[in-house]
Amino acid sequence: MEIICYLSNGYPTLEHSYEMAIEYADAGCGMIEIDFPSRDPYLEGDYIAGRMAKALEVCDDYDKYMDSIIAVQKRLPDVQLLVLAYENTVEEIGADKFIRFCLENNLKDILLVGLKDNVIKDRFMEAGLRVSCYVQYHMLSEEIEMAKKSNGFVYMQAKPTGNSNPQYPLLSDCIAHLRACGIERPIYCGVGVHAPEDVKMVKEAGGDAAFIGSTILKLHEDIPAMKEMIGMFAAQC
């Protein structure tokens, strides 16, 4: 099992996020979720949305974000990168250009969010990109069906934020049901993973990796503390 640390690409600068990726890896992080900041990140909370807005104030050239991701990949060849992009960002870049960028650099695991429909998602999958699918903790049947039809990892909500399904009260129950439905692809769990014991819970539930977001981002101003925390999370794997 692995931990997946979130990297706000371009915040506060592209150079800074590049250095943070190196620090993540040095602390024991084997997977990084790296984003293209969106001009309309309407699914994000204020914290991540604010970081995206600040990044774009400093640099609004998506070609440079591509260059930054390639630089991180070259510097950290043993770290797996997951690329997050809003559909509105992909449309601005151009779907064909985005697909070429991913294929040419072997960046095939994509978190494509904010979809209007399945047109771009289907183009990604047809091109050979692996598109993740989000499943909420209350295990909606339509989301499970979408996960079965997707070709990327399943992003499973790690903790309930309100509703839950009495048939699947525990994360282990949710994961077991996804496996019983025939999903053999990796299941990465996030949302609510804030402490090392949460990573342990994901591991014991059968998850393949755990997403860690704001807990690490909020320590960027204290690198030793950040790396110590990453190490504590990684130790649970």
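Helices (H or I, at least four residues) and strands (E, at least two) are DSSP runs, numbered from the N terminus. The model is predicted: local features need pLDDT of at least 70, side-chain atom pairs count only at pLDDT 80 or more, and totals for chains, interfaces and linings use all residues. Residues are numbered from 1 along each chain as its sequence is written, and side-chain values use heavy atoms, with hydrogens and water left out.

**Exercise 1. Backbone angles**

Task: Locate N106 and V191, and state the phi and the exposure of each.

Solution:
1. N106 belongs to the loop between α5 (95–104) and β4 (109–113). Its phi is positive, near 55 degrees, and N106 is not a glycine.
2. V191 belongs to the loop between β8 (187–190) and α9 (196–205). Its phi is also positive, about 80 degrees, in a residue that is not a glycine.
3. Most residues other than glycine have a negative phi.
4. For exposure, buried means under 20% relative accessible area, exposed over 50%, and partly exposed in between (1.4 Å probe, protein chains only). N106 has 56%, so N106 is exposed. V191 has 34%, so V191 is partly exposed.

**Exercise 2. A peptide bond**

Task: Which kind of peptide bond joins Y11 and P12?

Solution:
1. Omega is about -10 degrees, and the bond is cis.
2. Most peptide bonds are trans.
3. P12 is in the loop between β1 (2–7) and α1 (14–27).

**Exercise 3. A loop asparagine**

Task: Is N165 buried or exposed, and what does its side chain reach?

Solution:
1. N165 lies in the loop between β7 (154–157) and α8 (171–180).
2. Its relative accessible area is 13%, so N165 is buried.
3. The side chain of N165 reaches the backbone oxygen of H138 at 3.4 Å.
4. Not counting residues up to four places away in sequence, N165 is in contact (heavy atoms within 4.5 Å) with Y137, H138 and M139.

**Exercise 4. A ring pair**

Task: Classify the pair formed by F98 and F124.

Solution:
1. Rings of Phe, Tyr and Trp (its six-membered ring) pair if their centres lie within 6.5 Å; planes under 30 degrees apart count as stacked, over 60 as edge-to-face and the rest as tilted. The count comes to 12 aromatic pairs.
2. The centres of F98 and F124 are 5.5 Å apart and the planes are at 5 degrees, so this pair is stacked.
3. F98 is in helix α5 and F124 in helix α6 (residues 119–127), so the pair ties together parts that are 26 residues apart in sequence.
4. F98 is buried at 0% relative accessibility, and F124 is buried with a relative accessible area of 0%.
5. Ring pairs link F36, Y62, Y65, F98, F101 and F124 into a cluster.

Key: A polar contact is a pair of N or O atoms within 3.5 Å; within protein, one must be able to donate a hydrogen and the other to accept it, and residues adjacent in sequence count only if both atoms are side-chain atoms.
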